[in-house]
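Trainee: Could you walk me through this structure, one feature at a time? I would like to learn how to read each one.

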Amino acid sequence: MRTRSSLRHPKTPSAAAAALPPPTPESNPSDCANGIARIAVAQVCQSVGFKSAEAPALETLTRVAGLYLKTLAKAAASYSGDSNRTESNAFDVVNALHELESAQGFAGASDPRGCCLVRSSVVKDAQRFLNTIDEIPFAKPIPRADGSESSPAPPCSGARLRGKHIPDWLPDFPEESRYREEGCEGIVEGRDVELALWERTISCGGEGVGAGGKTGEGSGGELRRERERVKFQICKREEATLIAKKKRRTMGDGDD
Amino acid sequence: MNQQQQQLGDGRRHDDDAVLAEFLSSLMDYTPTIPDELVEHFLGKSGFHSPDVRLIRLVAVATQKFVADVASDALQHCKARSAAVVKDKKDKQAKDKRLVLTMEDLSRALREYGVNVKHQEYFADSPSTGMDPASREE
């Protein structure tokens with residue numbers, strides 16, 4: 001069974017046009033994007049001259065348009081990456097357009113010296129397309145997502161400022177409390193960084209070694225000066241067993 | 001002569017740069033049918049990063065042009081198919097109503113752009129659907 005979806009007339013968008021429903025937490029972002037893309041593709045089809053469209057055909061064309069967009073973006077991103085850049089520029093986009101148009105061909109594609117990006121025929125075709133068609137704005141207002149929904153956090157949140165040498169697309173640094181404990185400020189002084197980190201990993205209470213070897217409670221990596229002395233006696237085996245028995249007796253009395 | 005040629009070449013390059021810059025700036029005055037939010041969503045998914053809004057508009061215009069070209073090719077196929085059927089003047093209204101985007105016309109149009117779309121003609125409930133009763137009994 002064929003189902004037809006009627007297209008809206010783009011010339012008279014009514015003021016009472018129903019807006020798109022706001023995105024719910026359960027809705028998939030890709031579903032929302034597909035819905036918006038379907039409306040835009042339907043408007044383009046209507047501007048070309050179609051009166052209606054079959055649902056599978058409209059869905060297919062929407063999917064192909066989305067794939068075209070993604071392929072164009074990936075190609076432009078790869079061109080900028082090959083040039084050791086993280087931000088794409090106009091020439092990356094023009095090169096990506098040349099790549100996609102090469103299947104059909106465009107003027108200047110066969111030039112062995114390479115396609116001139118500034119005098120690109122693809123860009124001129126796009127310019128001609130802009131001059132011939134009427135402006136068709138999107139039919140429905142797009143709802144904005146709430147702040148509670150997943151959105152990329154700003155790169156520099158909080159009072160921590162990052163240098164300009166750090167790109168914005170990198171995540172923020174972790175909180176200082178996660179990698180630096182309190183009271184450990186003096187440990188690094190006079191020490192190499194590697195050793196300081198090693199000391200920090202063991203424990204970090206008290207003054208530590210960097211302060212001159214003073215006894216600290218729980219200062220890891222350092223033996224306490226005042227400790228029990230272990231006495232060694234060289235004697236015969238029989239005498240050693242007698243001494244051990246005496247010790248056990250004394251310890252057993254102590255327990256009682 | 002060489003200096004004159006070089007000056008001419010520089011002049012042409014400057015003109016071409018100006019034309020490209022003017023085109024990019026004119027994109028800000030035009031609102032494409034595909035909204036910027038949708039384009040940014042797809043660009044972000046593909047790893048495209050650019051602070052320039054004009055490039056987003058350029059990508060949107062290029063995509064709109066692609067969809068319009070495919071749709072116009074499909075319309076030509078549809079008109080060619082219906083022109084062979086319609087003969088009377090009374091059927092002109094019916095001809096307008098028949099301007100429907102179908103999978104058949106769309107697949108023909110997309111084939112020229114290197115996209116192969118195969119649509120199932122119908123879906124059968126069972127292997128014996130559509131067969132003669134005599135052969136079905138067998």
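Predicted model: local features only at pLDDT ≥ 70, side-chain atom pairs only at ≥ 80, totals over all residues.

Trainee: How many helices and strands does chain B have?

Mentor: Chain B has six helices and one strand. Along the sequence they follow the pattern α-α-α-α-β-α-α. Of the 138 residues in chain B, 37% count as buried. Among contacts in chain B with a separation of 6 or more, 64% are between residues 24 or more positions apart.

Trainee: Now the interface. How is its size usually expressed?

Mentor: The size of an interface is often given as the accessible area that is lost when the parts come together. Here, chain A and chain B bury about 5300 Å² between them, and 76% of that is on carbon and sulfur atoms. On the chain A side, Phe50(A), Leu69(A) and Leu130(A) lose the most area to chain B, together 12% of what that side buries. In residues, the contact takes 57 from chain A and 58 from chain B.

Trainee: Which elements of chain A give two or more residues to the side that touches chain B?

Mentor: They are α1 (29-48), β2 (52-54), α2 (55-82), α3 (90-101) and α4 (121-132) of chain A. The largest share, 15 residues, comes from α2(A). By class, that side of chain A has 35 nonpolar, eleven polar and eleven charged residues.

Trainee: I see β2(A) in that list. Which strand of chain B do its bridges join it to?

Mentor: Two bridges join β2(A) to β1 of chain B, residues 100-101, and the strands run parallel. Look for Ser52(A): its bridge partner in β1(B) is Val100(B).

Trainee: Let us turn to salt bridges. What is the general idea?

Mentor: Side chains of opposite charge can pair when their charged atoms come close. Over all chains, the structure holds eight salt bridges. One of them joins the side chains of Arg38(A) and Glu59(A), at 3.1 Å from N to O. This pair links distant parts of the chain, with Arg38(A) in helix α1 of chain A and Glu59(A) in helix α2 of chain A, 21 residues apart. Arg38(A) is partly exposed, with a relative accessible area of 33%, and Glu59(A) is partly exposed too, at 27%.

Trainee: What about Asp36(B) and Arg57(B): are they buried or exposed?

Mentor: Both Asp36(B) and Arg57(B) are buried. Their side chains meet in a salt bridge, 3.0 Å from N to O. Asp36(B) lies in helix α2 (residues 36-46) of chain B and Arg57(B) in helix α3 (residues 53-85) of chain B, so the bridge ties together parts that are 21 residues apart in sequence.

Trainee: How many residues apart are Glu104(B) and Arg108(B) in helix α5?

Mentor: Glu104(B) and Arg108(B) are four residues apart in helix α5 (residues 103-111) of chain B, so about one helical turn separates them. They form a salt bridge whose closest N and O atoms are 2.9 Å apart. Glu104(B) is partly exposed, with a relative accessible area of 40%, and Arg108(B) is partly exposed at 33%.

Key. Residues numbered from 1 in each chain as written. Chains lettered and ligands numbered in written order. Heavy atoms only, no water. Contact = heavy atoms within 4.5 Å. Buried area = accessible area lost by both parts, 1.4 Å probe. Nonpolar A, V, L, I, M, F, W, Y, C, P; charged D, E, K, R; others polar. Pairing = 2+ DSSP bridges. Salt bridge = Lys/Arg side-chain N within 4 Å of Asp/Glu carboxyl O. Buried < 20%, exposed > 50% of the residue type's maximum accessible area, 1.4 Å probe, protein only.
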